[in-house]
Amino acid sequence: MIKDAFKTLEFDKILARLRDCATSNFGKELAMRLQPDDDFETVRGNLSLTTEAVKIFSVSSPPLGGFRDVRETFKKIRLGSVADAEELRDVLSTMYAMREVKKFFKETEADAPQLKFRAAQIEILGNLERMLDNAIDEHGAVRDTASVELQKIRRELRTAQSRIKNEIFNILHDAGKQKFFQDAIVTMRGDRYVLPVKLEYKSQFAGIVHDQSATGATVFIEPMSVVNLNNTVKQLEAEERHEVSRILRNLSDAVRKNLDDLTANVDVLAAIDLVFAKAKLARDMNATEPVLSSFTDLQAARHPLIDPKAVVPVDIRLGENFSMLLVTGPNTGGKTVCMKTLGLLALMTQCGLYIPAANGSRIAVFTNIFADIGDEQSIEQSLSTFSAHMKKIVSILDDVTATDLVLLDEIGAGTDPDEGAALAMSILERLLEIGSATIATTHYSELKTFAYSTDGIENACVEFNADTLRPTYRLLIGIPGASNAFAISRRLGLPQSLILRAKQLITADHATFENVLSALETERLMYEQRNAEIFERQQQIVRHEKKISDMRDEIAKTKGDIIRKAKEKSAAMVRETKREAEEIIAALKEQFDDAGVKRRQQVIQQARDKLREAESDSATGIIADKFIGTRINRKTLSVGDTVYIKPLDQKGTVLAIEKSGDELSVQIGAMRTTVKTSACRFVSHNQPTVQQPTISINPNRGSLGLMQKASTVTRSIDIRGMTVDEAEQVCGKFIDDAQLSGLKQVLIIHGKGTGALRIGVHDFLRRSSSVVNFQFADQDEGGTGATLVNVR
């Protein structure tokens with residue numbers, strides 16, 4: 001790509017920000033060398049890599065902290081030189097980073113196949129890493145354990161140095177020699193231990209003079225007793241240097257043998273560092289992945305170098321329905337920023353960078369980007385003269401192709417307006433013929449008319465607020481902009497008389513054209529407001545329709561649940577009624593003699609008729625029960641009346657009414673309980689029963705009690721809402737009554753809920769001697785919400 005426009009668009013500042021996001025020096029260098037690519041698939045691949053890095057970076061980042069720039073060290077070793085200990089320490093640190101990065105990508109669960117493939121190419125050189133780690137410490141020094149010989153030399157060296165210190169300590173503290181010393185200190189001269197001796201005692205102190213003080217009053221003498229020890233130290237230090245040199249040479253040779261693999265690994269680390277620098281920059285800019293396309297449609301695009309709090313997002317379309325955009329409007333209105341935004345975002349995209357724009361923004365891939373931006377906003381030297389503009393445009397026309405992007409600021413400016421406008425039209429016609437994507441800015445009214453009458457060109461303007469006389473910096477495509485020169489001049493303080501005179505001098509056609517533009521802008525704002533209101537109403541309608549649909553679905557679901565439960569409960573009641581009727585009939589058959597055959601048959605027939613009636617009414621009976629009864633009138637309520645207890649969903653008979661009238665004692669089947677009057681609804685008053693003829697039964701058979709129980713004890717009991725203790729008492733009495741009445745199987749309804757009541761009841765049943773066994777009821781009788789009990 002031709003780089004002439006890079007500086008004009010300030011692309012180097014983007015690269016500098018990318019560099020600051022990199023971890024290693026090598027990665028920073030790659031960032032500054034990054035160049036846009038003009039191949040569509042290559043750009044797509046680079047963006048895909050950035051997307052993978054963004055996914056991982058949102059959770060963690062690869063451990064690149066130990067990655068050092070070891071390229072110079074590798075070059076030195078490749079030429080046969082020996083690396084020093086600090087250079088080998090950097091190699092070791094980088095090898096550690098290689099191993100950790102490979103491990104990181106192997107363990108990460110993020111969907112990043114390309115980055116994982118690159119990390120898998122890192123060759124782990126375990127033997128070399130261990131060799132370096134055994135020889136070089138974290139401070140860049142050769143370890144004592146690097147070799148047996150070095151360990152021996154350093155041990156002897158420490159011993160010799162210790163003997164010297166001990167000998168000098170003894171000399172310093174010898175009472176007979178205290179007067180010889182200027183100060184009771186030990187110092188070094190020429191890497192040898194010496195003592196500061198007064199000049200007048202020089203002849204009395206045996207040793208070698210190494211130095212003299214500036215005043216001449218002190219001489220630095222090496223005592224004769226430590227001369228040999230110092231010589232030993234010197235010899236050991238020489239041996240140490242020789243052994244360290246040998247070790248470093250061996251280590252450098254080992255690195256040299258693996259240099260190709262190490263170099264390839266370093267390149268992979270640097271590439272990964274660059275990709276994650278792109279991810280970090282995307283986060284810092286709040287950028288999104290651009291969608292590559294054959295045309296450009298940027299939504300809420302922001303210039304990446306302007307403070308995010310101050311920048312005004314713009315929408316830019318180019319290349320789909322028109323290939324050229326002609327932008328008009330006042331100076332300082334944002335025309336140049338719009339052009340630079342498109343150019344800079346195109347360069348960022350083609351470098352594999354995310355762009356600061358709304359998600360889903362589309363952008364084309366350009367072969368080259370040309371820019372002639374020469375106003376005071378340019379960072380380049382002034383190109384405001386006509387000749388400079390023409391020179392730049394001539395160069396662009398020589399190189400531009402249909403796959404390029406051209407940005408022209410103030411085209412045709414700097415010369416006679418009529419001639420400048422004519423030249424601008426001819427240049428735009430040529431670019432339109434070539435087919436390049438072009439954005440041009442101008443103040444010429446003739447060009448606005450030219451854009452209206454020419455296919456492939458679209459007018460646009462930067463919005464200007466006529467009330468505040470300030471630009472809004474929004475780009476409006478499809479509408480040409482007025483220059484607003486009079487309004488701006490008035491705001492800047494130009495006398496009103498001069499403005500009025502200027503309006504008199506302006507040509508009628510130009511004034512009419514500007515008035516038309518002003519009217520169009522007013523109508524645009526009005527329709528924009530109306531469209532916003534229509535859109536809001538449409539959204540409200542959509543929300544209401546969704547709410548109604550949800551309510552309809554909920555009602556249908558509730559209706560279905562009610563019908564299903566009613567059918568299940570009615571079926572259970574029918575089965576229960578059948579069993580009770582058959583038991584009663586069986587008891588009657590056993591207990592009555594032949595004298596009552598007709599009466600027995602009549603009673604049996606009546607029971608069967610009631611059973612069929614219960615079957616026919618069961619489908620609607622349960623649903624009707626949901627709404628049974630009226631509010632209780634405490635004045636008319638009396639003992640024996642039937643009431644409906646809402647919390648228990650059961651009917652019961654009133655046994656007693658408390659004086660306050662707030663509570664009732666009711667009989668529900670075999671259960672007696674106390675409930676709040678407010679929790680009940682009135683069903684019916686007590687109806688006097690017609691006395692049936694008494695049937696004589698043999699008392700010796702004990703059948704009278706059985707018949708009484710059979711007529712009062714039901715097969716099921718509902719204990720929902722009770723505590724476990726209350727339920728145990730009620731169930732115990734219920735099972736006793738069932739035994740007395742001859743029932744062999746009963747149903748206890750405890751509900752599902754948290755399961756605490758069910759567990760308590762099952763524990764009670766296990767302990768009861770009256771229970772043979774128990775199990776959950778059939779699905780149509782309540783399933784796990786009820787228990788079927790077999791009684792002894």
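**Note on the predicted chain**

1. The chain has an accessible surface of about 42800 Å² (Shrake-Rupley method, 1.4 Å probe; for residues, only the protein chains shown count as cover). Carbon and sulfur atoms hold 51% of that surface.

2. This is a predicted model: local features need pLDDT of at least 70, side-chain atom pairs count only at pLDDT 80 or more, and totals for chains, interfaces and linings use all residues. Residues are numbered from 1 along each chain as its sequence is written, and side-chain values use heavy atoms, with hydrogens and water left out.

3. The chain has 22 helices and 23 strands (DSSP runs numbered from the N terminus: H or I, at least four residues, for helices; E, at least two, for strands). Of its 792 residues, 42% are buried (under 20% relative accessible area; exposed is over 50%, partly exposed in between; 1.4 Å probe, protein chains only).

4. Helix 9 spans residues 148–172. Its 25 residues reach 37 Å from first C-alpha to last, close to the 36 Å expected (1.5 Å times one less than the number of residues). Its buried residues include Leu150, Arg154 and Ile164. The buried residues of helix 9 pack against strand 2 (192–198), strand 4 (218–223) and helix 10 (224–257) (contact: heavy atoms within 4.5 Å).

5. Leucine 498 sits in helix 17 (residues 496–505). Leucine 498 counts as partly exposed because its relative accessibility is 46%. Its C-alpha is 9.8 Å from that of phenylalanine 486, twelve residues apart along the chain.

6. Arginine 71 lies over the face of phenylalanine 26, 3.9 Å from the ring centre (rule: NZ of Lys or CZ of Arg within 6 Å of the ring centre and within 35 degrees of the ring normal).
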